[in-house]
Amino acid sequence: MMSFLGLIVKNPFRNKTRTALAVVGIAIGIATIVALGIITDGLKSSTEETLKAGGADFTVVETNVSDMFLSEIDESYVDKIKEVDGVDDAVGILTAIQPVGDNPYFVIIGIDPAKLAMSGMKITNGAEFSSPDAKEVIIGKVGAQKLNKTVGDTITLGKEDYKVVGVFETGDLQQDGGTYMSLKNVQAIEEKEDKVTMIYVKIKNDANVDEITKSIEDKYGKNITTIASLEDLQSVDQGLNTIDTASWAISLLAIVIGGIGVINTMIMSVYERTREIGVLKAVGWKDRRILSMILGESIVLTLAAGVVGIIMGLVAIQVLLALGMSGFIQPVYSPNVFLRGLLVALIVGLIGGFYPAYRASRLPPTEALRYE
Amino acid sequence: MNDENIVEIKNLKKGFDKGKITALNGIDLTIKKGEFVSIIGPSGSGKSTLLNMIGALDRPDEGTIKVAGYDLKGKKDLSEFRSREIGFIFQLHNLIPNLSVVENVEIPMFESGLSGKKMREKALILLDYMNLSDKVSRKPTELSGGERQRVAIARSLANDPSIILADEPTGSLDSKNGEMILKRLKDLHDKEEVTLIMVTHDLNVAALAERTIEVLDGKIKV
């Protein structure tokens, strides 16, 4: 028994080579969207974890900074924030990048040893560093593996050697790839005395985050700003916005390139089937049915490309991970990414299929039947 | 319209290439319901254009044309008319190559509102009528020329048309297969009382019809 839908699904596979080439062409665009989406979501989730590190309810950074990690604020704000009504505790963090061994981008994070708990880490081996002056570090699990360091070893940061006293894990790739050490030590290495990158703030149980962040911004808004969510971060941090914009730009490009590919494939298909379309008109098919058939075939083609693209995107991520990018990529497989891939495929099918479908539906039957 | 007349054409004119070519130049013709008419004439005489006008595949420039109660000059969407009233048989079978024989016969029924099951039942009956019961699952490429044209006849009958329009139905067949196809068409006309209008340039074929009309230079030769 043949249905109209069955016919639509069957038709694109009449010319298998052409369909396969078109599917692969569109699938590459979809794969890029999916792979980028998986990486971007990982980056967002990792940034969100940093924001919500440990016991912190929100983070304070410098106003008008293009990237959260480029923020620089006076350490004196830590005490000022502690004074704000409803704030339970606050700790200043200074993050920096130092070359270590083969890795030119080794992340170091300075924090008051007494407030290490607010970072939300878990010591998996050894102990925390003991005092602000001790030349000690704790190293993240991923960093330890990459540098092949463990408790008792030393690493050189700036001009000094530091003893590894513990190994920690946070679940956040950026932090787990680097070290924690005392704030004082990082300030000395970076020559940034009395400066911090950001302040983690913990509020009292009965306090309201919105009220506290508002009162901080009212008081010190000229120099510092609060980030309580990823949305807040995106309004402050241009880095994530740039990635988002790039991701959408690539999606748009995939739609345009894929759309042109679909138009080409479907026009060829309509052209070859001109006589057949004439017959369909002669046996009484309405223009609308012919339009639906060709448009449907275009959507079948691009949805197939969507599925192939998603698989290609997933394979690409696995290849990147296998090639040793696991230190930089923390993939997050959210259904939204796959839906976006399929949505782009659908849009490409609709846009690319419309013109050939319209053209087929408007073919004069006698001309179509005369076509050799 | 006279109840007896299924086709009524008055002063029908049709030109192509912005009027440079005159295909039909004032045709007057009536065809009775259930009649078997053949249209003859040399190449380029306008006989196929006339057939296309009756089948509403093309529109006239001037004159009136009424077929099975439909005013074909005034009506905007003619697909419903073609679906309900007309069965086309072309010189080349024009079957869809990726569909099976039975699926090809089902194609016109998509506009009829029949369920998939009913469509299949009807297509199988028509193929049985054409002695093709053993070929229903084959692809058109697996059939002989005569068999393909029999499938095309079955397809033309799918929506129980009141008129069958055949444009050189035996033109691409050898004489044996041609004879068989003509016999089928004649049977169809005799038993089902369907109106049959056939274009041919073969006088022997035309002689099978009850009436022969000769078209010359876009006019009916009297």
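## A glycine in helix 2 of chain A

A:Gly29 is found in helix 2 (residues 16-51) of chain A, where helices (H or I, at least four residues) and strands (E, at least two) are DSSP runs numbered from the N terminus. This is a predicted model, in which local features need pLDDT of at least 70 and side-chain atom pairs count only at pLDDT 80 or more, while totals for chains, interfaces and linings use all residues. Residues are numbered from 1 along each chain as its sequence is written, and chains are lettered from A and ligands numbered from 1 in the order in which they are written.

With 26 C-beta neighbours inside 10 Å, A:Gly29 counts as buried; a residue is buried if 20 or more other C-beta atoms, placed from the backbone, lie within 10 Å of its own, exposed if 12 or fewer, and partly exposed in between. Leaving aside residues up to four places away in sequence, A:Gly29 touches A:Ala254, A:Ile257, A:Gly258 and A:Gly309, contact being defined by C-beta atoms, placed from the backbone, that lie within 7 Å.

The domain assignment of chain A gives domain 1 (4-46 + 240-370) and domain 2 (58-227), with bounds that come from an automatic or database domain assignment. The centres of these two domains, taken over C-alpha atoms, are separated by 46 Å.

Helix 12 (residues 335-361) of chain A has 27 residues and reaches 37 Å from its first C-alpha to its last, close to the 39 Å expected, which is 1.5 Å times one less than its number of residues. Helix 12 of chain A bends by about 40° at A:Phe354, with a proline, A:Pro356, following within four residues; the bend is the angle between axes fitted to the seven residues ending there and the seven starting there.

## Chain B

Chain B has seven helices and ten strands. Its C-alpha atoms fill a box of roughly 45 × 40 × 35 Å along the principal axes, and 49% of its 222 residues count as buried. Eight of the eight residues of helix 1 (residues 47-54) of chain B are buried, so this helix is largely enclosed by the rest of the structure. Just after helix 1 of chain B, B:Ala56 takes a positive phi of about 60°.

## Where the chains meet

In the contacts between the chains, 21 residues of chain B meet 17 residues of chain A. Helix 2 (79-85), helix 3 (101-106) and helix 4 (116-129) of chain B are the elements that give two or more residues to the side of chain B that touches chain A.

Conventions:
Contact = placed C-beta atoms within 7 Å.
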